[in-house]
Amino acid sequence: MNKGLFILAGVMLVGCGPRTFEFKDLTDTQPLEKIQNFESIRTQILVPHCQGCHAWVNQLSSVQANCSEVNFQVSMGWMPKRGSLQLEEKKTLLDWTANGCQDSGR
Ligand code: HEC
């Protein structure tokens with residue numbers, strides 16, 4: 001399910017309605033879910049957006065070793081190089097890396 005599309009559609013609907021336009025503050029957007037599971041992060045974000053250039057994203061120990069660097073690079077918008085993350089993907093990845101790249105194993 002693409003939440004981004006719903007938000008976009010919502011903003012457009014509101015935008016066309018009566019003049020009660022309320023700008024949705026993007027900083028309020030929540031991460032997809034509180035993911036503490038490396039496999040979800042890997043398959044949903046790292047493989048599609050990072051693996052092409054960084055094979056190490058497939059290994060939890062390597063990602064953990066780079067955890068704060070990943071957070072930094074992504075928060076600065078430097079990674080993914082020549083690509084982009086959807087806002088929710090970015091929030092999820094930043095949230096996970098800010099919390100030490102833990103893996104619940106679930
Ligand atoms: C198109 C290729 C490409 C993609 C896609 C990409 N990177 Fe990078 N990344 C690089 C290159 C090249 C560097 C070396 C530094 C530079 O050129 O900025 C780098 C550097 C890094 C570094 C600094 C440590 C190191 O390995 O040098 C981190 C951390 C990083 N990338 C994380 C990511 C993450 C996380 C993603 C996905 C969200 C990602 N990168 C996507 C090419 C890429």
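Which residues of α5 are buried? The points below take this up, along with the core and the ligand shell.

1. The model is a predicted one. In it, α5 has 12 residues and reaches 16 Å from its first C-alpha to its last, close to the 16 Å expected at 1.5 Å a residue.

2. The buried residues of α5 are Glu 89, Thr 92, Leu 93, Trp 96 and Thr 97. They sit on the same side of α5, because they cover an arc of only 120 degrees around the axis. These buried residues pack against α2 and α4. Just after α5, Gly 100 has a positive phi of about 85 degrees.

3. In soluble globular proteins, nonpolar side chains tend to be buried together. Here the largest nonpolar core has 12 residues: Phe 38, Ile 41, Ile 45, Leu 46, Cys 50, Val 57, Val 63, Val 70, Val 74, Leu 93, Trp 96 and Cys 101. At least two residues of this core come from each of α2 (38-49), α4 and α5 (87-98). α2 supplies the largest share, four residues.

4. Val 70 is one of the core residues. Leaving aside residues up to four places away in sequence, Val 70 touches Val 63 and Thr 97. Val 63 is also in the core, and Thr 97 is among the buried residues of α5.

5. The ligand has 16 residues around it, of which Cys 50, Cys 53, Met 79, Pro 80 and Lys 81 come nearest. Cys 50 also belongs to the largest nonpolar core. Helix α4 (residues 67-75) gives the largest share of the shell, four residues. By class, the shell has seven nonpolar, six polar and three charged residues.

Technical notes. Residues numbered from 1 in each chain as written. Predicted model: local features only at pLDDT ≥ 70, side-chain atom pairs only at ≥ 80, totals over all residues. Near = placed C-beta within 6 Å. Nonpolar A, V, L, I, M, F, W, Y, C, P; charged D, E, K, R; others polar. Core = buried A, V, L, I, M, F, W, Y, C linked by C-beta atoms within 7 Å. Buried ≥ 20, exposed ≤ 12 C-beta atoms within 10 Å, placed from the backbone. Contact = placed C-beta atoms within 7 Å. Expected span 1.5 Å × (residues − 1). Arc of directions from axis to C-beta.
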